[in-house]
Each structure stands twice: as C-alpha cells, then as structure tokens.
Amino acid sequence: MTDTSLHRRLPDRLTTRTQRLLRSWEVLLLAVAVAIFTFNALASPYFLNVWNLSDATFNFTEKAMIAFAMALLIIAGEIDLSVAAIVALASTAMGYALQFGVGTPGLVAIGLGTGLACGAFNGFLVTRLGLASIVVTIGTMSLFRGISSIVLGDGAFNGYPASFAVFGQGYVWWVITVELAIFAVLAVVFGVLLHRTNFGRAVYAIGNNPTAALFSGVRVDRVRFILFLLTGLMAGLAAVCLTSRLGSTRPSIAMGMELEVVTMVVLGGVNILGGSGTIPGVVIAAFVMGLVTFGLGLLNVPGIVMSIFVGALLIGVIALPRLIGKLRA
Amino acid sequence: MRVTMKLISATAMAAALLANPAMAQDDVRIALVVKALGIGFFDAAAKGAEEAAAELGNVELIYTGPTDTTAEGQIEVINSLIAQQVDAIAISSNDTDALVPALQKAMERGITVISWDSGVAPAGRQMHLNPSSNPLIGNMIVKLAADHLPDGGDVAVLSATSTSTNQNIWIEEMTKVLPEYPGINVVGTVYGDDLADKSYREATGLMQTYPDLKAIIAPTSVGIVAAAQAVVDAGKVGQVNVTGLGLPSEMAGAIESGASQSFAIWNPIDLGYSATMLAYELSQNGAVAEAGAEIPMGRMGTLTLDENMEGAMADPFVYDASNIEEFKSIF
C-alpha cells in the first residue's frame, strides 16, 4: 500500500545549475566577446599579434579601473558622473605639485589623495545632505573640471619624472603592461569584495531595498559613503595611470570618459536601477569594449561611427534577452 | 543557446563580407591624423590630401582622428595605425608631448612620422610643416594693404593685446619690409585685446583720429571682423579697406559689403596636400629630414627645413570676392 506519488522528489529549482549558468548574462557576453574576437581576426590581418593586442589593452584598462568601483556604486542604486572630472582634477593636482619638484611617490599620493577627497565630497553631499547622487555628481562634474580648467588655462603641465612613466608605459613581464596587471589585481579584489564579503551583501541589499537594508541593521549611509570614496580613489588611480601614460596634463584630459565607464558597467550586466550585477560581467564588458574599439580602429572606422557602434552594441546586448523572453512567452 | 549561435553566425557573415581585402597591399598607405573628426578645417585638409594621393597614384589615404580633441584619443588612433603597419603618419597633434612615446614607437617600427599645423615635440617626429612663417605673414599683411593702394597712403594696425607674442612678431616683421612698399605710411598701432567691442571702438577711434586713413591692418581674426563692422557703421566702405588675418566664414560678410577687399590665412587644402606629399617623399623617395634639406611637395614647390626640422609651407593664402564663396563653408 505505498503511494509513490507522495514520495516523488520535487526539484528545488525548475532549472539546473548548468542551465542557469548557460543562460546567464556573463555567458552571453562571453559569446559576444568571442564573436568580436573572431570577427576582428578575420577582418584584419594585423589583429592577431600579441604586441598589437597588448597596445590595445590601453583602450580599456584605465576606464575599467573606475568601472569596478562604479559597478558597486550602481548596484547600490547610486551613480557618479563626475569620475572623468575627478581624473582631470587629480591629474591637474599632480601637474601642479610637479612644479614644486615633488617626486614620483609624492605625485602618486597626490593623485590618489585628490581622488579620495573628491569622492569624499560627493559622498558627503549624497549621504549627509541626502541629495540625489545623479544631481550631485552632474554638479561636481562641472565643479572639478572647472577648477582644473582655471588652474591650467589653455596651457599644459609636462616634464613628469622618468620614474613616473612606469605606471602607464611600463611592462611587468613580456606583453603584460603594468596597467593590465593593476586591472587584473583590481578585478580579483573587487570580485572578492562584492561576491565574498558582508560588505558586498550589504551593497546588494541597499540596491534592492535601502529601507529594508536599514531595518536589517545595515549601515546604509556608511556603505554608500565608502562606495563614493572607493570610486574617487579609483578615479585617482586612473588619473595616475593616464597621466603617466601621456606624460602631460591638458584641460581636455579624460573628456567624455564617464559615459564610457557607465557604458562598460551596464554592458557588464549591472542593472542601472541597482540591485544586481557581477564583477566578472564588468571584466568581460571591458574586454568587449576594448576589442570593439581596437578592431574598428584597425579597419579605420572613424571615431564617430565607432561610438554609434558601441551604442548599438549596448542597446542590442541589453534588449536581446528581453526580446528572446517575449518571443518565448 | 540559440541566441549565441545566431549572433555568431551573423557576425561570421559580416566578417566574411568585410574580410574581402578591397585594397591592394602594395599601395603606400599614408595616414592623415587630425585633432578630431568633424571639423571643417581638417575636412578641407583631407580634401587636399586626397588630391595629393590621386596625383601620386599608388597612395591609399587613411583620414582619421578621435571624436574629442584629446591626446589619449589620438594615441588609440596611432596604436591602431602602428598595428596596421602603415607607411607614414602625418599628424596635427592635440598635445605636443603626450604623443611622443606613441609616435617614437611608430618610428621604431619603420613608420615615417611628420607633424603639420599643430606640432609634436622634435623627439616624436621627423619633421614639422608650418602653414607659414613669421616673415611671410609680416610681409603678406602689408602687401594686402599696398595692393589696393597704388598711390600709397596712411594705414594703421589694429592688433590683439600689446603682449600677444604672435601679433608682436608679425608687426615687427611687417616693419622690417615696409621700405619695400614706398608710399605706405603706418600712422599707428592700437590694441583691441581680441575683444569684439574694444576692437570696434579702437577701429572707430582710428578713423576719427586719421581722417585720411586708407586701410586698417588687423592681424587677428577677432580684430579684423570688428574693424570691418566699424567701417560699415561709419559709412566709410570704399574709403577704408580692412585687411589682415581672418577666417573666411567670419569674413564673408565683410567681403560682400566691400569693407574688406581681401584678407589672408592659411589654406587648409594646400596644407593637407603638402603634408601628404612630404610624408610620401620621406617614406618612399629617400628624402631625409635634416637641417637645410629641401623636400619637394608637388604643386606647392619645395620645403626647406631649419635646424629644428621645421619648415614653412607658403605665403598665407589670399581670400577675396573670387574665392570666398568656396571657403566660407569650410572654416
């Protein structure tokens, strides 16, 4: 008298772990990356050359450094549009200090310090005064770049010491540039921070429901403040690398970089409204954007057309899963 | 994974379409790199470069540049040109120093590198092409006035600020060649500070102080427009000729009203043409960039390099009623 139906095993989930992985954003993005890589290799005979590919990593390394911190910030439901202006201001501060004979370690400290200070200022306005981050950072974007423009006028700072060039022009080993190494280390650090720590859980919690997070004992404003600090610090680091690579500071430095950083984050599968997203996604997105711009560059596609292409790619990759979902329904 | 498959097959198809090499590999590839795309001045330079490429025959011209006038954008472009192993790069730079490492790398890989219009530090290029030179400009501004004054007369100079380096050098060069223009009497120099309203007042003041004034020479694009307006407003069109250095787009009205008979500025078409010719000579015909070298540049004659490996292309180009229509839409 056994009724087997009562003991029939019910699955925990309707899809298996492998199925979910295969349908994930990261895998879709990885497929896009592979497709672009293949396309580039077929379209240009110069693409498959390690030195060329090594040069091409500069197309994304500095932006990706900021994108990691920006990903956390966006997951937590905030945004920082002043990052490119922070890069400009940090670079200007370093150039200014250079006039007084500050050496390489001092310059790096000043670059990172300026980034931190700008991040703290943004964080203060958002968390203490309760202002919307998009409004605050649009304001500070003009403010930071304005200060930089006043200091620089139409001139430029140059003559950075030779030892300073290591960050943007140095190689760790063979074709691995210092910037690429920094990028890789940061990818691991931010990956662990977001996916393996309490702080990371708090970031997701705040992004999904800040009120619930607050009542669950998460110190919401403190986490937000730290995220703005981190973003400022990363912008400072990007400024060190970019300035080191260029060996000069001009008012137009990093112009328009904030949108490329946000594009990278969103392409990486981070929900622009907050609450979800992963660091591996952002890493792949960084490569996708680097490969696209380098590949199109090899075909001598003008920059204007290139930005149309990146925009279309962004919309396409975001719209595709939704379209497929609608078609299946 | 139907999505991915579709994506891959679609891109593979696109790749197959694009992979078909349209160009013959033995063509000489010269890249004209500009500060940013979408600027009329540089589009005109590219037109000149195309003309040179057509004249040379076996040249494939790559006209490229970043979207913003940033040094990092130009470095991305240079890196992709190095990767493609182009034969020569002719660049108008966004930053004198920042491009040096990237361009040095290009030269190490056997690519000819020259700068034009806006230069690169000597370490980052083989030579630089200036559109003109200070003596040529100094001579041109007085010649423009003298050409329309066969019997001579009083002329005055409306400059930018009294500390503007460029303008001061040009006026100094002009003073040097004045003896070659007998009858031309420079009665004074005033400063409009490159502000439209101040330049306008100074020009009006000149006409009141010197009732016999025949010409105003303004070697500044702000001053020349303001002076032309002052002449129109004073009802002195036909009596006082405004000339100097200006932009065709801003001066079209003054030429039309007759306040200005002619003025001068570099010709971007000639500049792009010459840069391409020079890049070709250095890369293919064994021309060597060294002090005193004379390098041919097609219809523009030859370029003589000084000890900084710089050379001046030509006299500033004269714009008047005959060609203003063509150039006013360019820059």
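Student: How many bridges join strand β6 of chain B to strand β8 of chain B?

Tutor: Strand β6 (residues 153-159) and strand β8 (residues 213-218) of chain B are joined by four bridges, and the two strands run parallel. This is a predicted model, in which local features need pLDDT of at least 70 and side-chain atom pairs count only at pLDDT 80 or more, while totals for chains, interfaces and linings use all residues. Residues are numbered from 1 along each chain as its sequence is written, and chains are lettered from A and ligands numbered from 1 in the order in which they are written.

Some terms are needed here. Strands (E, at least two residues) and helices (H or I, at least four residues) are DSSP runs, numbered from the N terminus. Two strands pair if DSSP finds at least two bridges between them.

Within this pair of strands, Ala156(B) has Ile216(B) of β8(B) as its bridge partner. Both strands belong to an open sheet of four strands in chain B, whose order is β7-β6-β8-β9 and whose pairing is parallel. At its edges are β7 (184-191) and β9 (241-244) of chain B, each of which pairs on one side only. On average, neighbouring strands of this sheet are turned by 25° against each other, direction ignored. Here axes are lines fitted to C-alpha atoms, for helices over the stretch in contact, and angles run from 0 to 180 degrees between N-to-C directions.

Chain B also holds an open sheet of six strands, in the order β2-β1-β3-β4-β5-β13, again with parallel pairing. Its edge strands, β2 (59-64) and β13 (310-312) of chain B, have a single partner strand each, so one side of each is left without a neighbour in the sheet. The bridge partner of Asn130(B) in β13(B) is Ala312(B).

Helix α2 (residues 40-56) of chain B touches β1 (28-33) and β2 of chain B, and its direction makes about 170° with that of β2(B). Contact between two residues requires that their C-beta atoms, placed from the backbone, lie within 7 Å. Helix α3 (residues 71-83) of chain B lies across β1, β2 and β3 (88-91) of chain B and runs at about 175° to β1(B).
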